[in-house]
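This note is written for a colleague who is meeting the structure for the first time. The points below should be read beside the sequence and the model.

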Amino acid sequence: MTLPAHNRGRATSFEANFDGLVGPTHNYAGLSYGNIASQGSAQASSNPKQAALQGLQKMKSLSDLGLIQGVLAPQERPDVHTLRQLGFSGTDAQVLDKAYRENPALLAACSSASSMWTANAATVSPSADTQDNRVHFTPANLNNKFHRAIEHPVTGRILSQVFNNDEFFCHHPALPSQDAFGDEGAANHTRLCTDYHAPGLELFVYGRSAFNPHLPAPQRYPARQTLEASRAVARLHGLSEHNTLFIAQNPAIIDQGVFHNDVIAVGNQNVLFFHESAFLDSKATLAAIQAKLPSSGVKNTELANNELYFIEVSEADVPLADAISSYLFNTQIVTISPGHMVIIAPLECAHTPSVSAYLDKLLSLNTPIKDVYFMDVKQSMRNGGGPACLRLRVALNQAELAATNPACLLDETLFTRLNRWVETHYRDRLSLSDLRDPNLLQESRSALDELSQILNLGSVYEFQR
């Protein structure tokens with residue numbers, strides 16, 4: 001899809017979107033309990049090549065809008081290193097065969113391409129908010145799901161190579177991999193601000209408290225983010241009480257399949273777009289945001305000249321089930337010029353009547369959201385991740401952008417090169433039984449070895465070390 005191009009002009013700060021490249025082992029194993037789309041696609045055959053090309057096209061479309069678009073490399077999969085830690089021995093081919101015969105679900109978990117959803121990769125705090133005026137990164141431990149809990153060591157290495165300058169960037173290890181500190185990264189974190197270079201308000205949304213059993217918690221599906229993890233990340237990043245807010249997610253909607261806050265709410269600069277059932281106490285949440293956000297006042301969707309817009313979607317307009325199935329709130333809201341934002345939505349939003357009608361209505365309201373662009377990310381959607389899942393947001397000033405690894409920033413040359421790379425290395429069909437194929441492992445390693453050179457990452461993978 002071709003979008004209109006816009007210039008960055010003389011902007012002194014930017015919000016870059018770093019999307020995860022879909023890995024060569026993209027498959028549908030239904031590993032994510034609580035994620036309805038993931039469980040619904042279990043056992044189906046996937047198309048890794050199509051998934052990767054769809055992801056790249058989405059990146060190119062945002063780059064065409066004039067946005068800073070980055071690329072994050074996938075993990076090495078199948079993860080033979082982890083399988084060996086779990087007692088499987090012999091050659092790599094023997095390890096894969098033994099794991100498949102003894103525990104195919106374990107092999108599937110060690111072959112997941114879930115790192116494509118980089119909203120879970122880390123929590124990022126921009127330098128405008130932090131005590132030492134550096135951009136801080138904490139990889140998410142993702143300890144609620146085994147297939148994701150094994151990602152953070154390599155995630156940390158990749159982020160350290162993309163943002164490899166201690167003067168501007170600070171990298172923390174993941175929180176302890178323990179249930180009390182379950183951390184899902186930016187999928188439960190957003191930031192509101194008047195401009196990307198200005199101090200903002202960082203919103204940490206949690207599903208339960210590990211040490212206060214009296215606080216509400218879901219009963220059916222797990223709450224993956226704890227209050228304690230959110231507070232720990234805020235401390236590590238040098239944030240203060242003045243620029244943080246810890247918000248309880250509504251446990252009832254977690255039990256209906258809202259496994260992350262970014263499935264039910266999304267924010268950008270002075271806009272918070274959310275379903276009426278998103279938070280445990282919406283009235284108190286909005287009042288707290290209004291009180292804490294610098295330069296904020298009383299605002300709503302009817303007040304065009306105010307700085308903060310609360311766009312609350314009612315159940316009557318969009319039933320929760322439609323919001324979840326279409327991923328209305330797992331869209332990206334991006335700023336393409338001052339006061340002009342657009343929503344990047346999956347095609348499923350256009351094909352869901354209540355959501356399509358609401359988006360038409362939204363464009364008639366007096367808010368900064370002026371357009372909606374629909375994109376085909378069906379391979380990702382079938383596994384439970386929409387456009388917002390596929391990106392990690394990193395606000396950067398000009399000096400920080402200049403210090404970022406340029407080989408990871410998308411332009412026409414890199415887009416063309418990565419498309420050729422996918423066409424060369426990826427299969428167009430993958431079933432769960434294919435995960436035992438030693439040729440798949442070699443194909444994946446060959447692809448990642450070449451990719452680490454394209455993106456100038458060094459030796460970030462176990463097979464390279």
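1. Two strands pair if DSSP finds at least two bridges between them; helices (H or I, at least four residues) and strands (E, at least two) are DSSP runs, numbered from the N terminus. Strand E1 (residues 13-20) runs parallel to E2, and four bridges join them. Within this pair, Gly20 stands opposite Leu72 of E2.

2. The model is predicted: local features need pLDDT of at least 70, side-chain atom pairs count only at pLDDT 80 or more, and totals for chains, interfaces and linings use all residues. Residues are numbered from 1 along each chain as its sequence is written, and side-chain values use heavy atoms, with hydrogens and water left out.

3. Which residues of H16 are buried? They are Leu414, Phe415, Leu418, Asn419, Trp421, Val422 and His425. These lie on the same side of H16 because they cover an arc of only 160° around the axis, taken from the directions from the helix axis to the C-beta atoms. Exposed Thr413, Arg420 and Thr424 are carried on the face turned away from that buried side.

4. The buried residues of H16 pack against helix H2 (48-64), strand E2 (69-72) and helix H17 (438-454), where contact means heavy atoms within 4.5 Å.

How values were computed. Buried means under 20% relative accessible area, exposed over 50%, partly exposed in between (1.4 Å probe, protein chains only).
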